[in-house]
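Good morning, and thank you for coming.

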Amino acid sequence: MKQLLSLLAIVFLFTNCKSQKEIVTYNSDTLKIIPVSENSFIHISYLETDDFGKVACNGLVFIDDNEAVIFDTPTTSEVSLELIKWIAEVKKCEIIAVVLNHFHGDCLGGLSAFHKLGIPSFASNRTISLAQRNNFIVPQIGFDEMMELSVGNEKVYNSYFGEAHTSDNIVSYIPSEKLLFGGCMVKSLNATKGFIGDANTDEWSNTVQKIKDTYPDLKLIIPGHGKADDSKLLDYTISLFR
């Protein structure tokens, strides 16, 4: 019996340690892809900044029934093509849309690659206005408060809750996954405030509180930078800017 218990303890320890290890399904010098469920994948690319050095930037791929939608482009067109190739060749999916979280380069820096391939882009009308004003690549299709997208047999809801990291930042919610792509509005645990040059720090906590009240059953939240987690990320962000 003691031997059996010892064996079970070893198996449990090995399984638990293995489950804590980050699984990477694709990794290059410029792009990392991490599965977080059967249908959802975080894509990570890198942005060189003056204030924070080389910054890892999160985006999301959601797939259902051979259709894919991408939330935020990788930081350049070259890396965007790398992601597009992976989705086409490995996942065998058609990319039906790319959704931009806000107007900064870590969200739409690779947008021209999608437009050249005829992949439609969606963003808040606020984002479109800010991209035009800053002479960035401009998303094609706008919405005001909420836009629903069908991906395979599932729905995705993209919504504007208010100003925070920027005046135009949105979040994207996937009900079937209970997953929220929060973008740079949502901070990873123990993160600093980061870049706040375009932020409304007075409203940031209030905006995130609205998101928490609207989606009380979230299982996974993906921030713009850093590790994904559950609703603790909303609580942390609220307290950081309160």
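I shall speak about a hairpin, a cavity and one serine.

This is a predicted model, in which local features need pLDDT of at least 70, side-chain atom pairs count only at pLDDT 80 or more, and totals for chains, interfaces and linings use all residues. Residues are numbered from 1 along each chain as its sequence is written, and side-chain values use heavy atoms, with hydrogens and water left out.

Strand 9 covers residues 146-151; strands are DSSP runs of E with at least two residues, helices are runs of H or I with at least four, and both are numbered from the N terminus. Strand 9 pairs with strand 10 (residues 154-160) in the antiparallel sense over six bridges, where pairing requires that DSSP finds at least two bridges between two strands. Valine 151 has glutamate 154 of strand 10 as its bridge partner. Two residues lie between the strands of this hairpin, and glycine 152 takes a positive phi near 60°.

Next, the cavity, meaning a set of points on a 1 Å grid over the protein atoms alone where a 1.4 Å probe fits but cannot get out. What is the volume of the largest cavity? It is about 30 Å³, the volume being the space filled by probe spheres set on the points. Strand 4 (53-64), helix 3 (105-108) and strand 12 (179-183) each give two or more residues to its lining.

Finally, serine 231 lies in the loop between strand 13 (220-223) and helix 7 (232-241). Why does serine 231 count as buried? The reason is its relative accessibility of 17%, since buried means under 20% relative accessible area with a 1.4 Å probe and protein chains only.

Note on methods: Buried < 20%, exposed > 50% of the residue type's maximum accessible area, 1.4 Å probe, protein only. 1 Å grid on protein atoms, 1.4 Å probe; cavity = no way out; pocket = protein on both sides within 12 Å on 5 of 7 lines; lining within 4 Å.
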